[in-house]
Amino acid sequence: MFRSSPWSSPVSPTRAPRPTARRWRRRTRRTSFGESFTGTEPTPTTGGTGEATATTDGETSAATTDAETSTTDSTTDSTTGGPELSEDEALLRRAIAGEVDAEAAMRTIADRGGFPVEAASGGYLFACLCGQGAWTLAGDHNAWAPAPMSQAGSLWWIEEEIAAPDGSLYKFHEPDSMQWIADPYGRRHGYDDFGVYSLVRASAAHLERWYAIEDAGLGLLPRDLEVLVPQGGEFTHALYVHDGQNLFDPTAFFGGWQLTTSAPPDMLIVGITNTPARMDEYTQVPDELDGQPIGGDGALYAELVDAVIRPRMEAAYGSAEAVGTMGSSLGGLISLAIADLYPDRYDMAISLSGTVGWGSLELHNETILETYEAAGKRDFTIYIDSGGEGSCVDADQDGIEDDAPDSFDNYCENAQFSAILQSIGYTPEVDLFYVHAPGAMHNEAEWAARVGVPMQIFAGL
């Protein structure tokens, strides 16, 4: 059965609903760590049998025998004796015939070639686990006149001729309830005044979706990827960015980062959505908030990024000449942690308003400042910044200047970090870039205003 989510929620033809926000409310007087970020549930996903999962080498495995064996004899259309079918088309037609689990098949296809599926006949197969109703397909190809879809168990489907698939928009529509939804398993998409739309194919710069990426051995929750693919799929630089649901969606907090408008033209941007475990995954050591222990799974998350997500993206899109990682607040902290753990794998670490004092909030664990100081100069470039201001003091004598009650947006900690990096051999405006935006607050609007600076620096590497 179709399950709605912030990604696949029904949208009206007049305006998409704002995604439900999950906000971290607790704050300390000493730091900011991104209380405005959302947590997401991985979607679409399946429980138990039928789940397709990503492996570390970019391939897809399916949890059911049906999904694993459904493509072994998939090259010929046995019903018509017609042209050879792709593995995705053969699997989808078996799902339509009720021979394999529909949701497992959808997951496998979404993990592989993606929807809609190009048919051997020259048309395109659209499919949706849309739920109850009388679902239709509407888009540029039929002047948005809804075409009735067929139902096969839980699966709604239709095969359509698309004369001009490149850049052709579409949505699924249920007339009785007036629901309009972007394809919940669609690969290509974008945003407009009506919310999210899906694309049949795209050669212009666009967004692509990958679903429920995980490595069960790491014990982390699955998460989606939202990828900005440049014109023609050609790029020289790849940037792995955290808190992915805030990067492109114009309905994100404070309008999001708006990276579709500020990204350099030759840059692939992989947005990695966060999960409800964000506070644990984006922190390299444990700390406490209001006396409650939290954090410390950063090394596991870094391994997910470098050993699972990055190979998967390189298998799909190709390798880049330069690779970087970027985030804000705790996302900035984990970007620095990833570069520290894999110093030969990343050319640049970008941290906007990074929570670099993490570890010293209520405990006295090693902060990223101390980690970098101990490691000494490495070859990757570093960008750090903050807004805020304040008188920087170390009242508790733990070595971190994070105790001023008038400081905000991690200003003092990042100013101290810049000084430390220079002391170990980084050169300002060469391989160290530090920007202070006096008075700027800790939110997406401020990061959107500044993010063009580090992206241009990265593009020049």
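C128 and C130 are joined by a disulfide with an S to S distance of 1.8 Å, a disulfide being a pair of cysteine sulfur atoms within 2.5 Å. This is a predicted model, in which local features need pLDDT of at least 70 and side-chain atom pairs count only at pLDDT 80 or more, while totals for chains, interfaces and linings use all residues. Residues are numbered from 1 along each chain as its sequence is written, and side-chain values use heavy atoms, with hydrogens and water left out.

The link of C128 and C130 is right-handed, with 120 degrees about the S-S bond. C128 is buried at a relative accessible area of 1%, and C130 is buried at 6%, where buried means under 20% relative accessible area, exposed over 50% and partly exposed in between (1.4 Å probe, protein chains only).

A disulfide also joins C392 to C412, with S to S 2.1 Å. C392 lies in the loop between strand 21 (381-386) and helix 9 (411-423), and C412 in helix 9, so the pair ties together parts that are 20 residues apart in sequence; helices (H or I, at least four residues) and strands (E, at least two) are DSSP runs numbered from the N terminus. C392 is partly exposed at 29%, whereas C412 is buried at 1%.

Strand 4 (residues 124-128) pairs with strand 8 (residues 155-160) in the antiparallel sense over five bridges, pairing requiring that DSSP find at least two bridges between two strands. The bridge partner of F126 in strand 8 is I158.
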